[in-house]
Structure formats: C-alpha cells, structure tokens
Amino acid sequence: MRNKVLNYIKKYKLIEKGEHIIVGVSGGADSMCLLHILKDMQEEYKLRLTVAHINHGIRKEAKDDAEFVKSICRQWEISYKEHTCNIQQIAKKKRCSEEEAGRNERYMFFEKVRKESGGNKISVAHTMNDQAETMLMRLIRGTGITGLGAIMSKRDCIVRPLLAITREEVEDYCKGNNIPFKEDVTNQMDIYTRNKLRLQILPILKSEFNPRIIESLALTSQQLQETEE
C-alpha cells in the first residue's frame, strides 16, 4: 500500500524533494496514515514537515484529540501548530452548514500556517472513499463534467496523496504498522449529507450492485478530470 501511495505521488508530481509540507492532521486513521507515510519519506525526499491541527470545538473529545496529535508530533519530532475555533458559531454567523464552515476554517488555517512557515505544499488525507462520496453528492445535486471530476489530486498548493487508496487500506496500514489514531464518533452519525451517503447509500450500492463501487466511482472521477483537461 505504501508503494501505491509513493507511485501516485511520483505519477502526479505531488511532492518534490526538499519541500516543506504542511500536513493537515485530525488524529483520525486517514491523517495519521498520511503523516506516517510522509515521515517515512522524510530522509529520502529531504522533507520538512509541519503538522496543522484544528480543534473545531464540536465534540467534547476535541481537546483530547489535540493533545493526542501534539504528543505524536513530539514523539516523531515534527513541528506542531494548532487552531481552536467554534464551528457551530461560525456556521450560524455565516449562515452556512457546519460542514462548509469547518472546511473553510480548515483551509484558511492551513494556508496561514503555510505562509507563516514558508511551506511549499499543504497535504490533506482524502482517500478514494472521499472521492466516491464527493462524486455522488455532486451527481445528486446536479453538476457538469468539472463537478463530477470531484476531488483533484493537486489544486494550487494542496495535494492529496491518499486518493490512490481506500479507507479500508488505510485502516489495514495503521493496524499493520501499529499507528495509533482517534475515532471520530461523528463519522458514525447520519447528521451530515456525506455521512448519510457513507452509512446508508454506499453500503446498498456495494452489496446490491457493485462490490467495487468505491474504486469504480473514483476511476470515473479520474477519467472525467482527464476529459476536462
């Protein structure tokens, strides 16, 4: 699996030698897997890593998550930056969903850290599952070729090395390499549109229509991106 990610990075030139990478780390399996792989690449690629963690203030465990990520960074000797905010208040103020408010706040913070620390790239841990979910969300709401292309492997200075692998592969990697991570309980609650797709729609599509639906949707997104280009 690690080689699959490295080949994906090389194929799309996501990370170059000598770069300073800002890594968005929530503490979940996806972001911990990403951080471990980038740490593993550090010596060969002469990378400098800075972890950026955002405490959304939504869950009571959020403070524990921040302490967990901070402790891992100390253990792995990686620079750590943290931002605390209240997404529920921000969403109300801006009259948008908590999902949108959280996404905007994350990327504003990541970009702030990148500029202040002289970073080259921002690396986030979207997987093939995120790609499939995003494509379905946009298809349901209505969109064109660009929208169905869903998540780009590289956009401006943001890179997504884990788009080549599924969430199941991520979890297997974490278990196989004894990588600790935190479970986000909100991922199992169907209170957000993405969660409803993940918990209700995709399992039906997988069991009743196509057991490789995640890979199929992700491949279609990639082909549509190439068509758009």
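1. Let me start with Ala 132, which lies in helix α6. Please keep in mind throughout that this is a predicted model. Ala 132 has a relative accessible area of 0%, so it is buried. Leaving aside neighbours within four places in sequence, its contacts are Ile 214 and Leu 217. Ala 150 is 18 residues away from Ala 132 along the chain, and 8.2 Å separates their C-alpha atoms.

2. Two packed helices are described by the angle between their axes and the distance between the axes. For helix α6 (residues 128-141) and helix α10 (residues 213-228), the angle is about 70° and the axes are 8 Å apart. That angle makes α6 roughly perpendicular to α10. On the α6 side, Met 128, Asn 129, Gln 131, Ala 132, Met 135 and Leu 136 take part. They meet a set of α10 residues that includes Ile 214, Leu 217, Ala 218, Ser 221 and Leu 224. Sorted by class, the contact of α6 with α10 has eight nonpolar, five polar and one charged residues.

3. From α6, the residues involved include Asp 130, Glu 133, Met 137 and Arg 141; from α9, they include Arg 194, Leu 197, Arg 198 and Leu 205. By class, the contact of α6 with α9 has six nonpolar, two polar and five charged residues.

4. Is Arg 198 buried or exposed? With a relative accessible area of 18%, Arg 198 is buried, because the limit for that label is under 20%. Arg 198 lies in helix α9 (residues 193-208), and its side chain is joined to that of Glu 133 by a polar contact of 3.2 Å.

5. In soluble globular proteins, nonpolar side chains tend to be buried together. Here the largest nonpolar core has 40 residues, and those with the most contacts inside it are Ile 15, Val 23, Leu 35, Leu 38, Met 41, Val 51 and Leu 162. Elements that each supply at least two residues of this core include α1 (2-11), β1 (20-24), β2 (48-55) and α8 (167-176). The largest share, nine residues, comes from α2. A second, separate core of 16 residues includes Ile 90, Ala 91, Tyr 107 and Cys 157.

6. Not counting residues up to four places away in sequence, Val 51 touches Val 23, Val 25, Leu 35, Val 69, Cys 73, Ile 78, Ser 79, Tyr 80 and Lys 81.

7. Two backbone angles are worth a look. Most residues other than glycine have a negative phi, and most peptide bonds are trans. Glu 77, in the loop between α3 and β3 (79-84), has a positive phi near 60°. Its relative accessibility is 73%, so Glu 77 counts as exposed. Arg 95 is not a glycine either, yet its phi is positive at about 55°. Arg 95 sits in the loop between α4 (87-94) and α5 (98-117) and, at 79% relative accessibility, counts as exposed.

8. Finally, Gly 142 is in the loop between α6 and α7 (145-148). At 52% relative accessibility, Gly 142 counts as exposed. Gly 142 and Met 32 are 33 Å apart, C-alpha to C-alpha, and 110 residues apart in sequence.

Methods
Residues numbered from 1 in each chain as written. Predicted model: local features only at pLDDT ≥ 70, side-chain atom pairs only at ≥ 80, totals over all residues. Heavy atoms only, no water. Helix = DSSP H or I, 4+ residues; strand = E, 2+ residues; numbered from the N terminus. Buried < 20%, exposed > 50% of the residue type's maximum accessible area, 1.4 Å probe, protein only. Polar contact = N/O pair within 3.5 Å; in protein donor to acceptor, adjacent residues only side chain to side chain. Axes fitted to C-alpha atoms, helices over the stretch in contact; angles between N-to-C directions. Parallel < 35°, antiparallel > 145°, perpendicular 65-115°, else oblique. Contact = heavy atoms within 4.5 Å. Nonpolar A, V, L, I, M, F, W, Y, C, P; charged D, E, K, R; others polar. Core = buried A, V, L, I, M, F, W, Y, C linked by side-chain atoms within 4.5 Å.
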